[in-house]
Amino acid sequence: MLTFENSPIQGTASITEKLVNLPFQKVQHEVTSLDAQPSNEAGGILVLVSGRLLVDEEQRPMSYTQTFQLLPDGQGSYYVFNDIFRLVYAAA
């Protein structure tokens, strides 16, 4: 499950389609903070990231926050179970 700017999207194919069809070609991420902690007895990890994005040739970065839960896949790796992404707009 992905919530992208208040739009819920579920399933691998739908999430991939959403990400591939975003209206920009190039994105640079700058992580300014990252926090993680165990999320369940199965070995999950809850991650909170905040930072800035530069999109295409834009000169002003946009702030964002992203929270996601990683779950073990049983083969020594993890997969994203939940993901919430939100742009953070300056207060007016």
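In the predicted model, α1 (12-20) and β6 (78-88) each supply at least two residues of the lining of the second largest pocket. Helices (H or I, at least four residues) and strands (E, at least two) are DSSP runs, numbered from the N terminus. A pocket is an open set of points on a 1 Å grid over the protein atoms alone, where a 1.4 Å probe fits, with protein on both sides within 12 Å along at least five of seven lines; lining residues have an atom within 4 Å of a point. The largest share of this lining, four residues, comes from β6. The lining consists of M1, L2, Q10, G11, T12, I15, T16, V80, F81, N82 and D83. By class, five are nonpolar, five polar and one charged. The second largest pocket holds about 170 Å³ of space.

Residues are numbered from 1 along each chain as its sequence is written. Because the model is predicted, local features need pLDDT of at least 70 and side-chain atom pairs count only at pLDDT 80 or more, while totals for chains, interfaces and linings use all residues; side-chain values use heavy atoms, with hydrogens and water left out.

The largest pocket holds about 290 Å³ of space. Of its 15 lining residues, F4, L22, F24, L53 and F85 are the closest to its centre. Two or more lining residues come from each of β1 (2-4), β3 (27-38), β4 (45-55), β5 (62-72) and β6. The largest share, three residues, is again that of β6. Eleven residues of the lining are nonpolar, two polar and two charged.

The largest nonpolar core has 13 residues, and F4, Y64 and F85 have the most contacts inside it. Such a core is a set of buried Ala, Val, Leu, Ile, Met, Phe, Trp, Tyr and Cys residues joined through side-chain atoms within 4.5 Å. At least two residues of this core come from each of β1, β4, β5 and β6. Beyond four places in sequence, F4 touches I9, K18, L22 and F85 (heavy atoms within 4.5 Å).

V47 is found in strand β4. Not counting residues up to four places away in sequence, V47 touches L34, D35, A36, Q66, T67, F68 and L70. The C-alpha atoms of V47 and T67 are separated by 5.6 Å, with the two residues 20 apart along the chain.

UniProt places the feature "domain: NTF2" (unreviewed entry) at residues 1-87. Over these residues the chain is 10% helix and 57% strand, and the end C-alpha atoms are 18 Å apart.

Terms used: Points joined across faces, edges and corners; volume = space filled by probe spheres on them. Nonpolar A, V, L, I, M, F, W, Y, C, P; charged D, E, K, R; others polar. Buried < 20%, exposed > 50% of the residue type's maximum accessible area, 1.4 Å probe, protein only. UniProt positions renumbered as here; feature names shortened; annotations may be inferred.
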